Amino acid sequence: MRRYLALAAATGLAACSPDVTEAPAVREAPATPAAEIEPAAPAEEATGLPGTDIRIFALDWVGGRPVIGAPTGGIIRPGYDNQPFFTPDGSGLLYTAGDDSGETDIWRLDLASGDTAPVTLTPGESEYSPRVPPGEAELAYIYQPPGGYAGNAYLANADNTDRYAAEALAPVGYYLFSGDMRYVVTFALGETNTLQLIDRTADPEMPQHVADNPGRSMARSQDGSTAWVTLERADGGFAVHRLDFVTGRIRDGFDLPGQSQDFARITSPVSGMFAFDGVFSAAGGTLYYGSVSADAAAPSLSPAWAAIADLDALGLAEVNRIAVSPEADRIAIVAAD
């Protein structure tokens, strides 16, 4: 277990810190990963895992509009720390960390104590894209076997015991389970990357092609019957679409700002505060927020994107993934270290 230290005391990491008035806590750094390594996450940069940090900020709400508050911690060290996922009980943050072997493992940050601990430590293997599934198991991730590029979605206990493959299709980079765990939608790698839908009760497994050129962000609807997925636009940006888990039907959605392929979604209601779905995304050094109707019969397809934070002013460059806590009181932002 690694203990957080105040950033002011972590002089070795000062150069990686944003210029903010209240410094976040940081994890003591393990050995720096090699500069050029084979990526564990297949959709990451082909030249190696990028150096990224996870910064966590308080998320306040004024008149139904989010406001970025004070920094409350983060994973700040040389190397790859990415793919944040807040646990459903709001107590922790799962994330993917690279090490000096060129492999990745799943770690957990305790948001109350600031302690971090490994969830998976598997020499010769890699795990990434952590989630807490809606049922059947306590942990989900993509498993990459020793010496292999192929990977598929796995399920396990919270301590990574009794792990097993949740589907057979490989190589898969990203995934999302339906609310009843019967279906899983996957980002499947190939000459053309594709979105594939799998009925886990079918024997044999018969993946259903949904679309070409998906993005890596996925989110589940409140009732678990549909998924929000991203597909590439003709201009190179991405649009969010809604996928019906049962039929495999895709419904048109809305464009993400700029060239972003990443979004984070808060599902209504959150602590009784919201009567809509909220979406965060980042592009061009700006953090955006928009609301989308949660009414499946008459969805709003074009959120009114509003700029809510200057990411450059927060010391955050090359922002990609975003995660929001279940109570919508914290936001985790991944940026270059």
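**View 1. Hairpin of strands S22 and S23.** In this predicted model, two residues lie between S22 and S23 in their hairpin, where Gly284 adopts a positive phi near 60°. Strands are DSSP runs of E with at least two residues, numbered from the N terminus. S23 covers residues 286-292, runs antiparallel to S22 and is joined to S22 by seven bridges; two strands count as paired if DSSP finds at least two bridges between them.

The model was predicted, and local features need pLDDT of at least 70, side-chain atom pairs count only at pLDDT 80 or more, while totals for chains, interfaces and linings use all residues. Residues are numbered from 1 along each chain as its sequence is written, and side-chain values use heavy atoms, with hydrogens and water left out.

**View 2. Strand S21 beside S22.** Strand S21 spans residues 264-266 and is antiparallel to S22, with three bridges joining the two. Ile266 has Gly278 of S22 as its bridge partner.

**View 3. Burial of strand S22.** S22 comprises residues 277-283, and seven of its seven residues are buried, so this strand is largely enclosed by the rest of the structure. Buried means under 20% relative accessible area, exposed over 50% and partly exposed in between (1.4 Å probe, protein chains only). On one side of S22, the buried residues are Asp277, Val279, Ser281 and Ala283.

**View 4. The open sheet S5-S6-S7-S8.** Four strands make up this open sheet in the order S5-S6-S7-S8, with antiparallel pairing. Strand S5 (81-86) and strand S8 (116-118) are the edge strands, each pairing on one side only. On average, neighbouring strands of the sheet are turned by 25° against each other, direction ignored. Axes are lines fitted to C-alpha atoms, for helices over the stretch in contact, and angles run from 0 to 180 degrees between N-to-C directions.

**View 5. Strands S5 and S6.** Strand S6 (residues 92-98) runs antiparallel to S5, and four bridges join them. Leu94 in S6 is the bridge partner of Phe85.

**View 6. The protein chain around these views.** The chain has zero helices and 26 strands; helices are DSSP runs of H or I with at least four residues. Of its 337 residues, 53% are buried. The accessible surface is about 13700 Å², 50% of it belonging to carbon and sulfur atoms (Shrake-Rupley method, 1.4 Å probe; for residues, only the protein chains shown count as cover).
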